[in-house]
Every structure is written in structure tokens, then in C-alpha cells.
Amino acid sequence: MRATHLYIIKKVLLYCLIFMVSLSAFFFFINLVPGDPVTRYVESMRAQYSYSIPVSDELIREYKEAFGLDKPLFTRYIYYMRELILKQNFGPSFVAFPRPAHELILSALPWSIGLLGFSVVIAWVLGMVIGTIVGWKRGTGLDHSITPIGLIVSQIPPYLLALLLLMVLSYALGIFPAGAPYAAHLERGFTLQFLLSLLYHAFLPSLSLVLVYVSAWMISQRALVINLLGEDYVRFAEAKGLRSTRLVSRYILRNTLLPQTTGLAMSLGFIINGSFLIEWIFRYPGIGYLFVTAIMAMDYNVLMGCVVVSMFFVLLANLLIDLLYPLIDPRIRRGGW
Amino acid sequence: MLKETGTNFLVRSSRIFKSSLKLRIGIILFTLLVISVILEPAINNYRLGGHESTEIGLYDALLPFTFEHPLGTDHYGRDVFALLLTGLKYSLLIGLMAGGLATFIAVSLALIAGYKGGRLETLVTTFTNAVLIIPLWPILAIAVLFVERADLMLIIVILAFFSWPWACRQITPQIASLKERPYIELAKVSGLRDLEIMFKEILPNFLPYVIVGFSYAVAGAIMAETALRLVGLGPGAIPSLGLLINWAMYTGALAQQHYVIVLSPILLLVLIFVSLNFINIGLDEVYNPRLKKITGL
Amino acid sequence: MQAILEVENLRVYFTTIEGDCKSVDGVSFRVYNKEILGIAGESGCGKSTLIEGILRLVKPPGYIKSGKVFFAGSDLLHLKERNLRKIRWKELSYIPQGCMNALNPVLRIEEQIVDGIVTHTDLSGEKAKEMTSSALNAVGMPSEVAGMYPHELSGGMRQRVAIAMSTCLRPSLVLADEPVTALDVIMQRLNLQTIAELKERFGMTVVLVAHDMACHAEICDRICIMYAGRLMEIGIVDQLFQKPLHPYTKGLLEAVPSLQRRRVKSIAGLAPSPLNWPRGCRFHPRCPFQKKICKKKEPALREVDSEHYVACHLYGD
Amino acid sequence: MTEKLLQLEKVTKVFRRAGLGLVSEKTTRALDEISLTMYGEPTIVALVGESGSGKSTVCRLILGLEKTTSGQILYEGRDVSQWLEKDWKNYRKEVQIVFQDPYGTYNPFYRVDRVLWTVIKKFHLASSDRESRQLVDQSLEAVGLRPREILGRYPHQLSGGERQRIMLARIYLVKPNLLVCDEPVSMIDAALRAMFLEHLRDFKKLGISCLYITHDLNIAYFIADSVVILCTGQIIESGKTELVVTDPLHPYTKELISSIPNPDPSKRWTEKLDAERVGLQKLGKGVGEQGCIFYDRCRYAMAKCEKNRPPLLKSKDREVACFLIPEAN
């Protein structure tokens with residue numbers, strides 16, 4: 001089993017490398033864009049409170065000094081990376097100074113992971129199931145009624161769908177709450193009431209993600225299934241006289257698992273893009289909400305931290321999926337290890 | 001396979017157009033959108049009597065639907081229909097330009113990587129995939145937030161920078177398969193130079209995939225831009241559909257249930273995405289005969 | 001002789017934008033008990049579609065236009081799905097062109113063979129596994145192959161696995177669709193011999209589709225020549241090779257070089273399109289002996305000699 | 001005219017999947033020290049091998065579509081790896097190819113006759129438009145096609161046989177010294193193959209030598225003056241066609257020839273092949289290891305065959321690599 005270990009070590013190293021490279025690329029990109037956070041911050045303060053505080057270049061320089069922005073780029077890079085990797089320190093928050101950014105991020109993280117993890121898994125599983133059924137029954141009334149809807153819904157950005165759901169189900173009909181992660185009067189704890197409230201409040205944000213991605217997975221699964229139906233081995237299995245359930249589960253579903261898992265891994269980043277706005281729209285206190293409020297407040301370190309954290313989790317999820325591949329596909333198991 | 005009996009390019013294109021219902025729907029929808037954008041200055045100029053559609057207080061606030069204001073007016077007394085047209089114009093403009101630029105980057109990268117192959121190709125694909133799995137929108141948002149002057153051109157460039165991987169992902173595998181075709185080798189032994197092969201042999205066959213990549217990039221760019229506008233980023237003077245939604249949210253149109261003000265820009269955006277997607281699926285159906293053969297669509 | 005399978009006027013069409021593609025257009029023949037019947041013809045003549053039609057495996061946009069397929073006392077084309085499933089594999093089995101893609105890449109060979117066994121018998125998993133290895137041994141493969149995945153086997157070996165799989169329940173009739181195409185000659189010989197041997201050992205009947213008539217000459221008892229969606233000639237193999245009747249059969253035999261004959265001659269003209277078969281005899285545009293009637297009337301298959309049928313106006317009246 | 005036109009000297013080709021540090025590399029050895037000579041006098045040499053024998057690699061190496069891993073390819077005595085752009089251009093005019101796939105060799109975007117105009121333009125075969133038009137007509141007629149029915153057509157409107165003959169027309173225009181054919185008839189209908197092969201024979205009379213790559217000994221026997229038998233990347237036997245086919249020396253060649261199905265039902269196979277021996281190549285044993293390449297599948301395998309590779313022995317008019325030949329020891 002040494003080959004297995006080697007495979008795992010190789011993958012872990014590869015992802016570490018990708019993480020480091022994208023982190024560095026991200027750092028330099030943000031710092032090389034003309035304009036710097038402190039100046040923009042002070043400018044926006046001046047614009048917001050239309051009285052003129054005596055903002056001199058002096059003040060900006062002092063600010064920059066306090067945040068270490070006056071140093072040369074490369075020194076800052078080394079410093080940033082060192083703090084980040086050794087101490088998981090993103091630097092202080094601008095707005096909640098001197099509270100460190102990582103404190104804000106850490107408290108937001110569980111909300112995001114919960115909401116996203118739940119929605120993505122549900123959407124993926126449901127999409128696979130519905131897509132398989134629709135593909136298997138292609139050309140029937142079921143296919144003709146579900147597929148066009150899926151084609152259209154899968155193209156709505158989830159944050160726009162979130163707006164629609166919010167307007168209709170929450171403001172107009174009042175069925176679901178418009179914000180907050182749980183009812184305000186409840187104490188946090190492992191009580192049934194609290195958990196139910198959690199689910200109730202997470203329903204709409206989750207639904208907007210799930211609806212869109214169920215449709216997307218369904219469409220891609222349908223295409224895969226239809227492609228597979230033309231494969232010789234499915235035809236051969238049919239000639240074996242297998243029952244449809246066995247045929248579908250062992251000869252069709254099994255074979256779509258690999259491309260669909262790849263698809264899941266590839267789309268995580270994209271899903272997170274959308275979820276940032278959804279959290280904000282529903283005032284759901286995750287990383288996305290933190291990020292958008294930090295945008296409004298121009299809170300540089302929090303912003304950087306949010307991106308780094310989401311990058312980290314996406315890559316982690318990808319790594320896990322990569323490690324799962326050999327279990328799904330014997331060709332990788334026997335060939336690549 | 002396509003059975004074209006025609007001989008010239010136009011006839012062939014029309015065959016392709018006819019062979020897929022989805023492609024037809026997509027192209028017609030998108031063309032309608034583009035036409036309304038082209039007519040926007042004329043229509044708005046005529047309807048608003050030379051005023052800008054964004055001018056505040058031109059009419060009374062929140063007027064109901066009338067013949068004069070088919071979709072009413074908003075909280076600032078602006079004609080919603082006129083605003084929509086303007087928004088559509090900027091959204092599409094930004095999308096098309098950013099998408100075009102992104103496709104250009106992607107095609108050049110893919111052509112070089114695909115044709116040269118080997119390590120360079122592995123490098124480009126690995127890089128593209130790495131960029132793809134990273135959540136790009138937050139990075140984009142930070143860049144736009146801290147940039148000194150967020151004008152239209154800069155936004156377009158930044159958006160392009162962030163949507164090229166979408167196009168690249170569509171294009172790279174295709175080019176890798178195209179360059180394996182025997183006719184490329186025949187061209188080589190017939191003494192054609194590398195550049196001639198790229199532009200004369202590969203590029204024409206590669207066009208449908210470029211279109212697919214382009215429409216992915218356009219959709220990606222519009223989506224990202226809308227998301228930026230939603231949280232109030234980007235040049236405030238240029239009203240795109242995203243900014244219209246942002247205004248609606250900030251004036252409380254959502255809670256007060258002014259459906260049209262919120263819904264109309266969202267529906268327009270969805271229309272853009274759906275039409276682009278239908279073009280993609282349609283092209284896929286035409287150029288992926290296997291799928292077509294089985295579905296019999 | 002007793003017929004085990006009777007095909008009557010089978011038509012399998014494909015819907016296309018340009019109209020119906022008439023791949024199999026009115027084919028009738030019988031398969032006698034315990035014989036090897038070869039079906040020969042060039043690519044595009046409809047021989048694989050014919051097999052799919054008999055097995056009812058035609059996928060949309062293809063469909064069975066009309067016809068009857070009698071097997072074990074019932075018409076397969078009008079059987080209930082459930083009853084058809086019971087006959088499949090156990091009685092009527094199918095060997096696909098296996099070197100490419102006939103095996104599921106993510107299941108072990110064993111799982112794929114066991115799948116068929118447990119569906120049709122009451123055997124326990126253990127017993128089914130035993131059967132698997134004996135089926136593999138029957139085609140000369142060691143039992144270890146059972147634990148392998150298709151990608152670990154060469155094309156020829158995959159084809160042999162497919163043969164083992166299809167014959168493990170000792171079906172009475174096996175339809176083999178190009179089981180030796182795209183294999184190297186040695187592997188091709190091995191597989192042909194294996195099929196012939198299994199047929200003897202299990203007392204099966206085999207229908208063998210191949211485009212290379214030399215393969216038929218090696219193991220078949222009778223042979224059908226197919227052209228443009230129809231059968232042109234049916235005969236006992238010695239008879240047909242020594243005294244071919246149909247001009248197409250003659251042409252086909254002369255077209256291919258062999259180590260025994262260095263003179264070859266092409267059949268002039270092009271294979272017609274299934275969207276639009278020629279009127280009258282389908283071979284007439286390429287036929288060196290065409291008569292007036294050939295353009296107008298399609299000849300029917302008639303018995304010219306004992307057990308030698310031909311569809312050509314040159315023979316009879 | 002017996003000077004050497006093209007020589008392959010101990011050519012080895014190893015394919016490598018490009019790796020990038022953590023992305024793993026894979027190597028396969030397609031050819032192992034192949035030596036082959038084509039002489040100036042027009043001849044047709046058939047290179048016969050089963051799938052995976054590396055026969056197509058030979059063709060790609062000769063055409064310069066791949067580079068050798070080791071060994072040399074000499075054209076008229078000059079090493080092609082030393083060549084500049086200019087030399088290659090000249091070489092292309094003198095060594096040409098017909099590919100296997102009549103469908104893939106045509107760019108679906110253009111009309112079929114473009115392949116003809118391209119060579120006329122690139123190799124400066126005509127000085128005026130009229131002259132090139134005449135050349136095109138002439139070349140199509142030379143391969144039995146009517147120009148009116150071909151010019152201006154798109155690839156999908158023609159059959160595989162017609163397309164492959166247009167490829168021959170292209171060769172007729174270029175008139176190379178050496179033509180490499182990579183299984184040119186394997187994808188066209190059996191009934192139409194003979195026509196193609198006849199034209200190839202006519203080309204020999206025009207002074208075009210041909211290296212004909214095929215898996216089908218029947219065709220090799222029909223067309224070639226001499227054959228070279230390739231087995232998993234190595235040449236194991238070669239010689240005059242008649243001689244090799246009627247009196248094969250190497251066990252592999254023997255088995256190959258006896259396994260070809262005979263279109264005569266009265267002369268069926270009598271001997272049964274041993275499935276254990278023939279059917280199961282040992283997994284994982286690659287080319288380039290020591291020992292005879294055919295050891296696993298050889299019925300006459302001896303102890304020394306496992307460890308030692310038999311040399312390719314030359315006698316008067318044939319070569320063979322097997323320890324069963326007395327001279328090999």
C-alpha cells in the first residue's frame with residue numbers, strides 16, 4: 001500500500017503548491033492594482049461625512065505606517081505570508097480595530113460551511129437522481145416537462161433567484177423570515193427549538209442555491225446518461241436481461257459518478273461566488289455576509305482574509321474529492337497509483 | 001453528422017441554424033436583445049424628449065403602468081422601461097466586450113498551448129484549472145473596490161481577466177483534439193508553416209467552440225458584473241441591470257413589493273443567460289453528433 | 001431441419017432529418033438448430049442493425065418498422081418487456097463487438113458476469129462466482145481474470161471475456177455481432193475457434209456476423225449475403241463459395257486478395273445510400289449483368305438449388 | 001540504380017507523456033532498434049505488423065512528424081535530424097504519405113480539391129492558373145476519377161474510396177521518390193480496395209517507391225515485392241514476399257500466416273490454437289527488456305530465448321531473428 005501513500009502525499013503536496021501559488025498571485029494582484037486601501041478608505045470617509053476633516057498626506061502616511069503599507073511590496077509579501085501561515089493571522093480589522101480579522105472570520109466560518117455544505121450536497125444528490133430518471137425516460141412526457149424548466153432555472157444566477165424568493169416568499173407571503181440565522185429570542189444551544197429555527201431560517205438561502213444547482217446537475221446528468229445509453233456496454237447489459245434498477249445503478253449511475261464528481265469539484269469556486277451574495281441578501285452571518293459588509297466598510301484585512309479562507313476551503317474540498325477518485329474509478333486506482 | 005448539401009459558407013451556416021431548435025431559439029432571443037440595445041438611443045431619445053433615462057425627478061415617483069410609461073416609474077421618478085433599455089445596453093456592452101477580450105486571451109493561450117503541446121500544454125491546463133476552482137468573484141470585488149478610478153474600460157479589462165478561464169476550459173480540450181486530426185498532419189507534410197496551419201486549418205473548424213467559449217465568457221462576465229453592482233461596486237454613473245437592482249433594493253422596492261422594478265431587470269438578465277446557454281447547447285448538439293443521434297432532437 | 005429462429009420481413013428504420021434511413025428493409029431467413037449461420041456484407045449493409053432488431057435492442061431514433069421474429073414459440077417483437085427479459089441471456093444471448101467498449105469499465109469482470117447469472121437463476125453468490133470461473137476457463141482464460149477490470153485486458157482478451165459472459169448460461173441461440181473485427185489475425189483465429197468449440201460443447205446455435213467472408217469460410221455451416229438492407233443470397237457454405245450465384249456475391253469474393261489468389265477485381269460503382277435505395281434490384285446500378293427488369297422489379301429470394309436461395313432475375317424463369 | 005534512398009538505422013522511439021513535477025510521467029517503447037532500407041529502384045515494401053507493433057510510428061518518423069529517441073534516419077545518405085527548414089521543404093517534395101483515415105485527412109471546412117491546389121502552390125508545380133488546372137484534371141484522371149464530379153465537392157459528399165483516390169491524385173501531382181502508405185485501404189469497403197491497390201502498382205511504373213504499412217498479409221502478398229514483419233517494436237523477419245509467405249522461418253510469422261482465414265471452406269484450420277499460450281500476453285512485460293520479444297507466445301521457446309535476444313541474421317535475400325535458425329547460435 002505504499003503506492004497509496006505516495007499518491008496521497010503527491011496530491012497533498014500538489015494542492016499545497018496550488019494554494020501557495022494562488023495565494024501569492026492573489027496578494028500581488030491586489031497590491032499591484034493602482035490605488036491603495038488606506039487612501040481609498042480615507043477618501044470614502046471624506047465623501048461620506050461631507051464635512052472636511054483635515055486630511056493631510058501626513059495622516060494617510062501614519063495610517064499606512066500603522067498597517068505596514070509603507071514598506072516595499074516584497075517585504076509586505078513576506079510578512080503577510082509569514083503571519084498567515086505560521087500564526088493564521090490576517091492582521092487587524094480596519095473597522096473593528098484592534099480586533100483581529102481572523103476573529104471575525106472564525107466566527108462567521110461555521111455558518112458558511114453549514115449552509116453551503118448542506119445545500120451543495122443536497123443539490124448534487126438530488127440533481128443526480130432526477131437527471132438519471134429524466135435521462136432514462138428520455139423523450140417521454142416527464143422528460144419534456146422537466147428538462148426545459150431545468151434548462152432555464154439552471155441559468156438563473158442564484159443570487160437573483162434569492163432576490164425573487166425573498167420578495168415573494170418572505171416579504172409578500174411572509175412564510176419565511178427575511179434575515180438572521182435564527183429567531184432572535186432563542187438561546188443558542190442544542191435544543192430542538194433552536195435547531196428547527198436554524199433550519200427554518202436557513203431554508204430560503206439554501207433553497208436559492210439548491211434550486212439552481214439541482215437544475216444544473218440534472219441537466220448535465222441527463223446528458224451524461226443519454227450519452228451512456230448509447231455505450232456498447234449498456235446495450236450489452238440490456239441484452240443480459242437485467243432489471244432496470246440494476247442496469248441503471250450499476251451500469252449507468254456508477255459510470256456518471258466520475259465526471260459528475262469532477263464537475264462538483266470544478267464548480268465549488270463558482271458556487272461560493274454566488275453564495276457570498278446570498279448570505280448578504282438574507283443577512284446570514286457567514287463569510288459572504290462578512291465580506292460584503294467589509295466591502296462597504298473597506299475593511300482591507302477582513303476582505304483579504306475572507307478570500308484566503310474561501311480559497312483554502314475550496315482547495316481542501318478539491319483535495320478530498322481528488323483523494324476519492326481512485327475509489328470511484330478503478331482505472332485510476334490500478335493505473336495511476 | 002451534419003449532412004450539408006450546400007457548398008458555400010452561408011448555406012452551411014443556415015443548415016446549422018436549422019438543425020437545432022435550441023440553437024434557433026438562442027440565436028433569435030439574443031438577436032432580439034441586441035437589436036433593442038441598438039435601438040436604445042433612438043427609443044429613449046424619442047420617449048424622454050432628449051433627457052437621460054437616469055435623470056432624477058423627470059416624472060412623478062412610482063407612477064402606475066400607462067401607455068406613456070409602460071412599466072411605470074421608480075422611486076426617483078424615472079421611467080422604468082427607459083432605464084431597463086439603458087441597463088440592458090450597458091450590461092450587454094460590458095459582457096460582450098469583457099467576454100470578447102477574455103475569449104481572445106483564452107483562444108491565444110489555447111492555440112499556443114494546444115499546438116505546441118507537451119509541458120506547455122500541461123502547464124496551461126493545470127493553471128486554468130487552478131484558477132477555475134478558486135472563487136474569483138471576491139477577488140474581483142476587492143480589485144474593483146481599491147482601484148483608483150473605476151471606469152468602464154477598467155471594469156471590462158478586470159472582468160475579462162477573471163472570465164477567461166471559462167472560455168479556456170471550453171476551448172483547450174477541443175483544440176487538443178483538433179490538432180490530432182490527420183488533416184493537420186497532411187498540411188504539415190504538404191509544407192504548410194505552423195502559422196498557416198493554426199489559422200487556415202485549425203481556426204475555421206474551431207469556430208463553433210470559440211463561439212461556445214465566447215458565450216460562456218460573456219455570461220460569466222455579465223454575472224460577475226451584476227454581482228458587483230448589486231453590492232454597489234463599479235462606476236455609479238453607468239447604469240447596468242445590476243445597478244438597477246441595487247437601486248431597487250436600496251429604495252426598498254423589495255419590501256414594498258414593487259414587483260416590476262425588481263423583477264424586470266432580473267428577467268432581462270435571465271433572458272440573456274438563457275439565450276446564451278441555448279446557443280451553447282444548440283451548438284453542442286450540432287457538433288456533438290453522438291448526443292444528437294441518441295436524443296434524436 | 002428444425003428452425004430455432006425465424007425472421008420474417010423485418011424492417012428496422014432510423015428517423016433522420018432527411019427522412020427514414022432504411023437500414024434493414026425486409027429481411028427473412030431461418031436459423032436451423034445447432035448450426036453456425038454467417039451473415040456477410042460490407043459496412044453499412046445493415047447486418048449489425050439486423051442483429052439489434054432481432055434482439056430488440058434498437059435505440060431511438062431507430063425503430064422496428066415491421067416484421068416478426070419467432071423464437072421459442074413466441075414473436076420477440078411483440079413480447080412483453082418482462083417476458084423478453086426472461087428469455088434474454090438465458091435462451092437468446094448476444095456477443096457484442098467486444099474489443100472496444102462492451103464491458104463496463106468500472107465493474108470487475110466477475111461482477112459483470114455474476115450480474116447476468118443471478119438475474120436469471122436462483123444461484124447464490126458463491127455458486128455464481130464458481131460459474132464465473134468455469135465460464136472463463138471454458139474460453140481458455142484463467143480464473144484470475146475474474147478479479148480484473150476491463151482496462152487491464154487487451155482487446156482480444158476483452159472479446160474473449162464477452163464470449164465467456166454470453167455463453168455462461170448455455171443459451172440455445174447466440175447472436176454474435178462482429179466478434180472478431182478489429183482483432184489481430186491470431187486473436188481472430190483463436191476467438192473463432194473458441195466460438196466453434198463452445199457451440200459444439202454446449203450444443204448451441206450461433207449466428208455470426210462478420211464482414212470478412214474468409215472468417216465465415218472457416219467455421220460457418222450456412223451463410224447469408226446481405227446488401228443494401230436485404231439478403232441477396234443464402235446457401236450452404238461450400239456451395240456458396242464454390243458456385244456463388246448472385247453477381248454481388250461473385251464480386252465480393254473476387255474483390256479481396258488472399259494468399260491463394262493474387263488476382264482481384266473491384267466491384268464498380270458505389271454503395272447506395274440507405275436513405276434512398278435504388279429502385280428495382282438494389283444491386284442493379286453496379287451489376288455487370290443487369291437486364292431491363294432489374295431496374296423495375298425487385299427480385300424475391302427464391303430457392304434455386306436445394307438450400308441455396310438467391311434474389312436475382314438472372315435465375316429462374 | 002541500387003543506391004540507398006532511405007535508411008533507418010537502429011531507430012528507437014520511446015513515447016513520453018509530458019510530466020510536470022507532481023504530475024506523473026509515463027513512457028512506452030514503441031520501436032526498438034529498427035533498421036530498414038529503401039532502395040532507389042522502385043519497389044513496394046510492405047511493413048506488416050499487428051496493432052501495437054509500432055508500424056504507424058515508423059511512418060510518422062519517416063515523415064518527420066515525430067522525432068527519433070535514438071538512431072538515425074538517413075535520406076540519400078544525409079541525416080534528417082541535422083536538417084534545416086529548407087532541406088525539409090525539399091524532402092517533403094520527395095517523400096510523401098497517404099494516411100489511413102480517408103475521413104479525417106480532409107479538413108471538413110474546405111472543398112476536397114484543396115489538397116491538390118495546396119501541393120501545387122507549395123511545391124511550385126505550375127507556373128500559371130491554367131497549367132495548374134490542367135495538372136489537377138490530369139491527376140484526377142490518372143486515378144480514374146472524373147474531375148467534373150470531384151472539383152468543388154466537400155469531403156462528406158464523397159465516399160471513402162473516392163477520397164482515398166484523391167489522395168493518390170495528390171501523390172501523382174507531387175511525384176515523390178518515396179511514398180509511405182499507412183493502411184490506406186483498411187477503412188474503405190472491401191469491394192473498392194482493389195482499385196486503389198492497382199493505382200499504387202501503376203505508380204511504381206512511374207518510379208515511385210512505396211513503403212506500404214499494413215496489418216493484412218493478404219494485401220501485402222498482393223502488392224509488395226518484399227515484406228518486413230514487425231512484432232512489438234522489433235523486426236523479426238524480412239525478405240522477398242513470395243519467400244516469406246510460402247516459407248516463413250520465424251515462429252511468429254508462421255503462426256501469423258497459418259492464422260489468416262482461408263476463403264475456401266474445404267481448407268479449414270485443422271489445428272487448434274492454445275488459448276493459454278496465444279491469448280494471454282503476460283501483463284506488464286514491455287518491449288526493450290532482455291530476451292526474445294515473442295518468448296511468451298512462442299511454442300518453441302527455449303531456455304535461452306528468455307534471457308537473450310536473438311540477433312537479426314542476414315542471409316542472401318532475407319533476414320530473421322530467431323534462435324531456431326542454426327546460424328543464430
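This is a predicted model: local features need pLDDT of at least 70, side-chain atom pairs count only at pLDDT 80 or more; totals for chains, interfaces and linings use all residues.

Me: Which residues in α5(A) and α10(A) meet?

Reply: From α5(A) there are Ser112(A), Leu116(A), Val120(A), Trp124(A), Met128(A), Thr132(A) and Trp136(A). On the α10(A) side they meet residues including Val248(A), Ile252(A), Gln260(A), Leu264(A) and Glu279(A). By class, that contact has 11 nonpolar, four polar and one charged residue.

Me: How do you know that chain A touches chain B, and how many residues are in contact?

Reply: Residues count as in contact if their C-beta atoms lie within 7 Å. By that rule, 49 residues of chain A are in contact with 37 residues of chain B. Several helices of chain A each supply at least two residues of this side, among them α1 (2–32), α8 (192–229) and α12 (300–328). The largest share, nine residues, comes from α10(A). Sorted by class, the side of chain A that touches chain B has 37 nonpolar, nine polar and three charged residues.

Me: Now for Phe81(B): why does Phe81(B) count as buried?

Reply: A residue needs 20 or more other C-beta atoms within 10 Å to be buried. Phe81(B) has 21 C-beta neighbours inside 10 Å, so Phe81(B) counts as buried. You'll find Phe81(B) in helix α3 (residues 80–116) of chain B. Not counting residues up to four places away in sequence, Phe81(B) touches His69(B), Pro70(B) and Leu71(B). Then there's Pro265(B): 184 residues separate Phe81(B) and Pro265(B) along the chain, yet their C-alpha atoms are 9.8 Å apart.

Me: What about the largest nonpolar core: how many residues does it have, and which have the most contacts inside it?

Reply: It has 374 residues, and those with the most contacts inside it are Leu163(A), Leu140(B) and Tyr212(D). The helix that gives the most to this core is α3(B), with 18 residues.

Me: And which residues is Tyr212(D) in contact with?

Reply: Leaving aside neighbours within four places in sequence, Tyr212(D) is in contact with residues including Ile44(D), Val45(D), Leu47(D), Cys181(D) and Ile223(D).

Notes:
Residues are numbered from 1 along each chain as its sequence is written. Chains are lettered from A and ligands numbered from 1 in the order in which they are written. Two residues are in contact if their C-beta atoms, placed from the backbone, lie within 7 Å. Helices (H or I, at least four residues) and strands (E, at least two) are DSSP runs, numbered from the N terminus. Ala, Val, Leu, Ile, Met, Phe, Trp, Tyr, Cys and Pro count as nonpolar, Asp, Glu, Lys and Arg as charged, and the others, Gly among them, as polar. A residue is buried if 20 or more other C-beta atoms lie within 10 Å of its own, exposed if 12 or fewer, and partly exposed in between; C-beta atoms are placed from the backbone. A nonpolar core is a set of buried Ala, Val, Leu, Ile, Met, Phe, Trp, Tyr and Cys residues joined through C-beta atoms within 7 Å.
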